[in-house]
Amino acid sequence: MNELLQEIGRDLRRGRRLVEFIGAISLELWHELCHWKKFRRRECWYYLDLCGRQSLPIVLLICGLMGMILGLQAAIQMRQFGTELYVADLVGFSLLKELGPLMVAMIATGRAGSAFAAEIGTMKVNEEISALSTMGMSPERFLVVPKLVAMLVALPLLTVFGDVAGLLGGMLVGVGWLEIPVAAYWSRTMEELTPMTFLLGVAKSFVFALLITLSGCWRGFESDADAQGVGRSATGAVVDSILLIVVADVILTMFYSIFGY
Amino acid sequence: MSGVNKFRVGLFMIGAIALLVAMLFFLGMSDLFVHKAHLATLFGESVQGLAVGSAVKYKGVAVGTVDDIVIQVDDKRIRVNMSVELNTFRKSQSTGSLFRNQAEFDRFLEKEILEGLRCRLEYAGITGLRYVDFDYYAPPGPPEEKAAELNDPSTLFIPSSPSAFKDIAKSLNTSLERISRIRFEEISDNLVNSLSDINRLLAAPEIKDTLLHLKSMSINLDRTTGSINRVVTEERLQQIAEQTEQSLQAVKTLSDRIHADTERADLPACAAAFRDAAAVIREAAEAIASRRQDLAVTMEKLGRTLDALRELTDTLNQDPSALVRGRRQPALEQQH
């Protein structure tokens, strides 16, 4: 009973620290917006390169393959009814609304989320975070805001690449296997998809970017001050991110459906 | 952090933004640069399956979408507002759009409405979704529905035509109504009476006699058929067929020969010769007819001559001397 109460107490304190962390990030973000000339652009470029450009090949590959898988699965079922052309609809809608942003977020979680946790955790082990605090510098401003801004830019852009790669993967199946003319597949895709479908999918990636960065950085700050603790925090960041992304996706999809999308 | 290649990151960002813009353009932002005309129609029937964004087709070609669906409570009809892309209408020899603005399209549509153009709800497939199809469903002439029914002079009104499903339902209702008018009880009573009459009739001795007679007739017919079968054997039939074939062959040969002879006979020349001969005969007949009178007179004279000769010969037989002395005077003349 005593241990349980201690556990609850620890969780409550952790919850309080999380709320403080979110509050600090919000304040620092506002501060950076107000003083955007002092914004640490160099760090932002670094994380943009790490999370964006370097993730591009794997995003293109995974999303392209995802489009092909969807196309193949849909083709097997739809061929029975002679409705192969609707593969374009299924691949387009699935990728742009759900799977594109989701797969890109998963990749970003594996690459960026764990990296953020490990980086901040290592800094904590080396007491660099304590040093920053001692010198009167906000660790959140120096360590979290550049990552957050970079992710908020990189993830939607990666999602655009992922969507296009997925559509091309589906088209490859439609044209190559189902022998649908390229023009017909393209026309069908463009006919059925709307800018709103595409933009709502991209909009999801902003939320996912926020969740990945916050969970990665939070896990880094909460990391134990040893090597094993850094490893655990990196793993925990990935698990938390995936869980939060899926939950957020459900909530966003429900939210979109309320407005008829 | 100093090792960041800003050029590559910039390339990544520019590429992503270009792709974003391209996607938005291809997925429908290009519609912003398309000229559209707006029109509306009224449906009295249910528009189940039609939704905002449903296709509008002209003879099966997608030309626009449904913009809005509202209920007119005063006449309980459904108003469907649609937009039509003008660049889908072109002349056969032209590559550009036929209409530059709504007014030109309105004039075209008004003319086509007089030609019988109407809109109708059609099913898009087995999903139950529907679309609005423009086609010439009505005979040429002014429509029954007037634009004034729309209560909106700024929007072009296109009259609607009942959907095929509604026509089928109407036919079905009419058929069911007609079936309901059939007096089944009366028919049933009549049927029962008829059946009892038939039973009585079948029980009559005359029918039994007739049946027995029919049976004996059938037996006789069987016998006759057997006899015929015995007489008309297959060999005989084969023989008849061969003979018939030979006869037909002979007829064909004869026909060919006649045909050849006819060709050799030079029928036109013969016909001309016959015509000439007929003309000569006709002329001869006419000549004979004209000489007939003379011949009659000559014959009469010849007759008289023959009479005189007979009289002379008689006289000479009676009195040969008369050849020398001449004819004697009768006794009466002597008395005078």
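Tutor: Helices are DSSP runs of H or I with at least four residues, strands runs of E with at least two, both numbered from the N terminus. The model is predicted: local features need pLDDT of at least 70, side-chain atom pairs count only at pLDDT 80 or more, and totals for chains, interfaces and linings use all residues. Residues are numbered from 1 along each chain as its sequence is written, while chains are lettered from A and ligands numbered from 1 in the order in which they are written.

Student: How many helices does chain A have?

Tutor: Read along its sequence, chain A runs α-α-α-α-α-α-α-α-α. Zero strands are found in chain A. Its helices number nine.

Student: What percentage of the residues of chain A count as buried?

Tutor: A buried residue has 20 or more other C-beta atoms within 10 Å of its own, an exposed one 12 or fewer, a partly exposed one a number in between, with C-beta atoms placed from the backbone. Chain A has 261 residues. The buried part is 43%.

Student: What share of the contacts in chain A with a separation of 6 or more joins residues 24 or more positions apart?

Tutor: A contact means C-beta atoms, placed from the backbone, within 7 Å. Among contacts in chain A with a separation of 6 or more, the share from residues 24 or more positions apart is 87%.

Student: Which residue follows α4(A) with a positive phi?

Tutor: Start with the helix: α4(A) is mostly covered, with 28 of its 39 residues buried. After α4(A) comes a residue whose phi is near 60 degrees. That residue is Glu127(A).

Student: Which element gives the largest share of the largest nonpolar core?

Tutor: A nonpolar core joins buried Ala, Val, Leu, Ile, Met, Phe, Trp, Tyr and Cys residues through C-beta atoms within 7 Å. The largest one has 75 residues; Cys51(A), Val104(A), Ala105(A), Ala108(A), Met151(A) and Leu155(A) touch the most other members. Two or more residues each come from α2, α3 (56-78), α4 (87-125), α6, α8 and α9 (227-258) of chain A, and from α1 (6-26) of chain B. The largest share, 19 residues, comes from α4(A).

Student: Which residues does Val104(A) touch, not counting those up to four places away in sequence?

Tutor: Val104(A) is one of the members of the largest core that touch the most others. With residues up to four places away left out, Val104(A) touches Val59(A), Cys63(A), Leu155(A), Leu158(A), Thr159(A), Gly162(A) and Ser205(A).

Student: How many residues are in the second, separate core?

Tutor: Its members include Phe43(B), Val66(B), Leu109(B) and Cys119(B). Its size is 25 residues.

Student: Why is Val238(A) buried?

Tutor: Val238(A) sits in helix α9 of chain A. Leaving out residues up to four places away in sequence, Val238(A) touches Thr109(A), Gly110(A), Gly113(A) and Ser114(A). Val238(A) counts as buried because the other C-beta atoms within 10 Å number 20.

Student: What distance separates the C-alpha atoms of Val238(A) and Met106(A)?

Tutor: Val238(A) and Met106(A) are 132 residues apart along the chain.

Student: Which helix gives the most to the side of chain A that touches chain B?

Tutor: Here 19 residues of chain A contact 17 residues of chain B. On the chain A side, α2 (41-51), α6 and α8 (195-221) each supply at least two residues. The most, six residues, come from α2(A).

Conventions:
Two residues are in contact if their C-beta atoms, placed from the backbone, lie within 7 Å.
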